[in-house]
Amino acid sequence: MKKKLVLLIALTLTLSLFAMGCNDNGGEQGAFPNGNIQIIVPYSAGGGGDTVARILADALGDELDVQINVINREGAGGELGIAEIAASDADGYTLGVFGYPDNFVLEHTRDTDFTFDDLEYLAAFDDMPMGIFAGPGSEFETIEDIIAYGEANPGGITIGESGALGLLHVLAFSDHLGIETSPVNFEGGGELMNAILGAHVDLASTSSMSHDPIMDGGGHPIGFAAAERMDMFPDVPTFKELGFDLEMGVSRVLVVPAGVPDEVKTVLTEALDAIGNDPELKERFENAALPYRYLDYDRVNEVLQRSNDTLLPVIESNQQRFE
Amino acid sequence: MDSLQILLGILSPGVMLVIFAGVLIGIIVGAIPGLNGAIGISLLLPITFTLEPQIGLLLLGGIYMGGMYGGSITAILLNVPGDVVAAPAAMEGYPLTKQGRSKEALYYSIFSSMFGGVIGVLILIFFTPPLARFALQFGPAEMFFIALSGLVVIGALGGNIYKSLFAVFFGLFISTIGVDAITASQRFTLGNINLRSGISVVPVVLGLFCLAEMFLNIGKKANEVVTYKEQNITRMTVIKEILRHKMLVFKGSMIGTFVGLLPGVGTTLAVFLSYGEAKRVSKNPELFENGNVEGIIAAESANNATVGSTMVPLLALGVPGSPTTAIIAGALIIHGIILGPSLFVQRPDVAYTFIFGMMMTVVAMTVIGAFGIKYFAYILKIKMEYIVPTVLVFTLFGAYSLRNNVFDILIALVLGVVGAIFKKTGVPLAPIIIGVVLGGLIETNLVRSLTIANARQVSLLQYMLTNPLAIALLAMVCVIFYVVIKMRMKMKSM
């Protein structure tokens, strides 16, 4: 009896391990694609990055006439999932969707298993600038208020932030204003929202996606780190207008591991161009409060390279804050 | 759209079907170890994109409600909590099963869940705006004291005091593993990338409770194994008995509601706080962990009450306080619905259909639970040699599906062995779970408090005790501490 039991357990365990190793991806022969495609998202379900991936899975799946599955592989601020995308087979059956510059910031602040060039960037779909927001009843109405208070009280302004880019944005913002501030880390957008609406921190560093809930809760934006005013929020000034040349934002990119054959890449980029220039996709993004901006293969690589060049000095001059 | 139309909409067969389907899925994923409501919801999230927003929401709400209950079924019958929040149900329910009172335990669980669920949803319907404002009062200092109260409650749980202390420190130790959220320095990660995001509570529970129990079942002889006994007990008797403990139900629901409001705290704390409180007021505290229905009532009413209250900050402020509500927020966002106060003005159809429809998820849960118990109990008729491998497979699958990561299986297996050793040596397991859940909460809020106090140039104590609310919470911690000490002294003298 006991032997039978042990045998049964061993058998089921082995079987379950096999089942985990299996995937139904990848037809080996024939024209690409002839099997299911998976998109790895390095965040949990429900956030902005996940929403983008799910919209894209749907639209791209229709365009290529295959099933595209979204797999959430969260952990370590996106590091686990991005490492997994970079290490997956370069056959075009595994794609990744995440918010650039998460990979770049992680690469330069931690000892990651991937570099920027381990991925190939096929397209970008949105452009969500970071912003600084004040909570309800805040004494900070304008950027001048912040500078005045910051100069009188070095380190006296608390700025809530979450995620890799949140802290970087606080540091760059403070550098540009020439003041010292105290960043306070929160574990996610929800906790950060609670902190700013409850006035537990003075300011919040978060993306433009938080604009509506913060306004609804009685807070207001100070400015966005964008190149120009956003169509969705024409009343919010850019930092550039306020006299500070600071641009920083999240852009959801679609990537493949480096080394995908050219013919597969062509199929993918052509399909991405087809859906990317379709007004229907733009509408779906804007419905979800995601500022749409399609960048094709050539433009995305140009824009990311330029962005890397502006980010790197900020990261390097604040290296000690990340260690 | 007026309220009558909304109500008729909810009661239409199509919507009711969706609600029942959601609740049933929730109960199933809840009962399977490792899978829980949050995973069920993320699996079904894509389906909601094609549904009307309010229908999709009710599907997810149904899974959430059902998932909170489902975990107690396997907890009571097999001592394998299907979800973290069902751990107390295992501690009290499984002893009852061993006494041949499984049906009774299951009835207590479903009807306590019903009462908790109803109270939580009523609070969602009637008190959303004021409670949302109240939740905002909780800053780092207040959260720190809340987490501390959970740590103090461990003292009430029983077991040898030194072994309990060891267990809670073990749990706290597990919570320190990973990249420190504030300074990003690595702690005990041994250079392993998978340990950087820390060890989540799910594989810990799967290992300590589910795998350990199954490991210990291996090699048991047939006559040592629990078998099913038919029991003559009616539903009405149990409901009346629960109503006799109406203070327990009320307190459990209030604790659940209160903790559910706070972002990032999680239901586990609510369940254990309520359970500890039940033990404190019980006339027979010595019966706890030997099959006391009061423990089941307190824990099960608390976890279902959180379902309604976690929705409060989400709907009123757009603040998702838990993974489950974050996914629900995602389902709304993709439909272009902005959460926050404007939701009730701009999309009253969605908002009101959802909150009133949540009441129907409680009804669906009660119907499925109360009539399904007969069939759930058949699990006990299955021979252990089939149960052990099945549970093992599901547990490993559950550990994997949390983050789609094989490493979590390894953690669950290691802790399964550790749990089996602890069970044999009498180290209590519940304090470990509480330690894992609260360690991070205590640390991050303490560091946040320090940062803010520093920025304001006041001492930590000055900052932490600025608000009357924080002072009240500190007083609460002291009272609980005093009561726990007194309880311990009394138990010793008995």
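Gly56(B) touches Thr48(B), Leu51(B) and Ala331(B), leaving aside residues up to four places away in sequence; contact requires C-beta atoms, placed from the backbone, within 7 Å. The model is predicted: local features need pLDDT of at least 70, side-chain atom pairs count only at pLDDT 80 or more, and totals for chains, interfaces and linings use all residues. Residues are numbered from 1 along each chain as its sequence is written, while chains are lettered from A and ligands numbered from 1 in the order in which they are written.

Gly56(B) is found in helix H4 of chain B. Helices (H or I, at least four residues) and strands (E, at least two) are DSSP runs, numbered from the N terminus. Gly56(B) is buried, with 25 other C-beta atoms within 10 Å. A residue counts as buried at 20 or more such neighbours within 10 Å, as exposed at 12 or fewer, and as partly exposed in between, with C-beta atoms placed from the backbone. The C-alpha atoms of Gly56(B) and Pro46(B) are separated by 9.7 Å, at 10 residues apart along the chain.

H4(B) covers residues 53-78. The expected span is 1.5 Å times one less than the number of residues. H4(B) bends by about 30° at Gly67(B); the bend is the angle between axes fitted to the seven residues ending there and the seven starting there. Of the 26 residues of H4(B), 26 are buried, so the helix is largely enclosed by the rest of the structure. Just after H4(B), Asn79(B) adopts a positive phi of about 65°.

At the interface, 57 residues of chain B are in contact with 51 residues of chain A. Helices H3 (37-48), H14 (323-333), H17 (384-403) and H19 (430-456) of chain B each give two or more residues to the chain B side. H17(B) provides the largest share, nine residues.

In chain A, strand S6 (residues 157-161) has five of its five residues buried, so S6(A) is largely enclosed by the rest of the structure. Ile157(A), Ile159(A) and Glu161(A) lie on one side, Thr158(A) and Gly160(A) on the other. S6(A) pairs in the parallel sense with S7(A) (residues 181-185) over five bridges; pairing requires at least two DSSP bridges. Thr158(A) has Ser182(A) as its bridge partner in S7(A). Three bridges join S6(A) to S8(A) (residues 203-207), also parallel. There, Glu161(A) partners Ser205(A).

Conventions:
Contact = placed C-beta atoms within 7 Å.
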